[in-house]
Amino acid sequence: SVDDFMVQGLLKNLKILRKYVVMNINIKDYSNKTQNIRRIHNFERYNVLIDYLINKGYFVVLQGTGEQPHFSPREGFIDYAHSPFQSVENDLLLFSGCEFYVASKSGAEWYGLICDKPVLGLNYTELSSMQPGSKFRFFPKRVRDETGNYLSWREFLNHPVYFQIGQSLPTQEKFEFVEMEEHEIIEALDEFIELLPKPRGQWLNYSLQQRKFKQMLHPGHL
């Protein structure tokens, strides 16, 4: 088809020679500083993800605009975001042919859903505003209070900080959104990759902890 021809042309221009994963890392500094809870401050930690995927036989393609971080060049890594080929039209072509998408909390996660691709969300925030998708898994940033204690996920679901979306909290307490460590990124990726060959229906066979999480949700959470 014409679409397949266009996809293959883009992959040839980008020198993508085998199966590939698309990745977007939101490091935007928002004018509304409250929204910076979405931002990835330690993007260097994603180097371990890039190398891990390359070692598993994937090309890794950084998607987005000039706001994406700069990574050191390496064989198997494609910096499409800072290339002359970057465009909305090519974004759609790129997503249509990828194996899956590694997302951060930003509007770009819609591409994976539009193209019906599996999506792995890392360092997610604003969980009361989530995109649908049966082939979607996310790992949230952990939340630490001013005493240095982390909220458990049960505490988080019942706390006002859960509902923070683009505005200051109605409380004097201060919270820090803590990003995933490298080993947590790899653990999340390993769990996600195990799901890839399974049919769509089996993605809904949640783990015990995932089922407990879903059971605690009520309409107010969404």
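1. Strand 1 (residues 20-23) and strand 2 (residues 59-62) run parallel and are joined by four bridges. Within this pair, Val22 stands opposite Val61 of strand 2. The model is a predicted one, and the remarks that follow should be read with that in mind.

2. The pair belongs to an open sheet of six strands in the order 3-2-1-4-5-6, with parallel pairing. Strand 3 (77-78) and strand 6 (136-140) form the edges, each pairing on one side only. In a regular strand, side chains alternate between the two faces of the sheet.

3. Strand 4 (residues 100-103) runs parallel to strand 5, and three bridges join the two. Here Val102 stands opposite Leu120 of strand 5.

4. Strand 5 is mostly covered, with six of its six residues buried. Asn123 lies in this strand, which comprises residues 119-124. The relative accessible area of Asn123 is 1%; since the cut-off for buried is under 20%, Asn123 counts as buried.

5. Which backbone feature of Asn123 deserves a check? Its phi is positive, about 60°, although Asn123 is not a glycine. Most residues other than glycine have a negative phi. The residue in question sits within strand 5, so its burial at 1% relative accessible area goes together with a place inside a strand rather than in a loop.

6. Glu126 is placed in the loop between strand 5 and strand 6. Is this residue buried or exposed? Glu126 has 6% relative accessibility and therefore counts as buried, the cut-off being under 20%.

7. Arg74 is in the loop between strand 2 and strand 3. At 21% relative accessibility it counts as partly exposed, because that class begins where buried, under 20%, ends. Leaving aside residues up to four places away in sequence, Arg74 touches Asn47, Ile50, Asp51 and Ile54. For one of these, Ile50, the separation from Arg74 is 24 residues in sequence and 9.6 Å in space, C-alpha to C-alpha.

8. As to the whole chain, the protein has seven helices and eight strands. Its radius of gyration is 18 Å, close to the 17 Å that the globule rule gives for 222 residues, so the chain is as compact as a globular protein of that length. The C-alpha trace spans about 55 × 40 × 30 Å along the principal axes.

9. How much of the chain is buried? Of the 222 residues, 45% count as buried. Among contacts between residues at least 6 apart in sequence, 60% join residues at least 24 apart.

10. The chain exposes about 11,700 Å², and carbon and sulfur atoms supply 53% of that area. There are 25 positive and 27 negative charges, and the mean positions of the two sets are 4 Å apart.

Notes: Residues numbered from 1 in each chain as written. Predicted model: local features only at pLDDT ≥ 70, side-chain atom pairs only at ≥ 80, totals over all residues. Heavy atoms only, no water. Rg over C-alpha atoms; globule rule 2.2 N^0.38 Å. Buried < 20%, exposed > 50% of the residue type's maximum accessible area, 1.4 Å probe, protein only. Contact = heavy atoms within 4.5 Å. Areas by Shrake-Rupley, 256 points an atom, 1.4 Å probe, with all protein chains shown as cover. Lys, Arg positive; Asp, Glu negative; His and termini not counted. Charge placed at Lys NZ, Arg CZ, Asp CG, Glu CD. Pairing = 2+ DSSP bridges.
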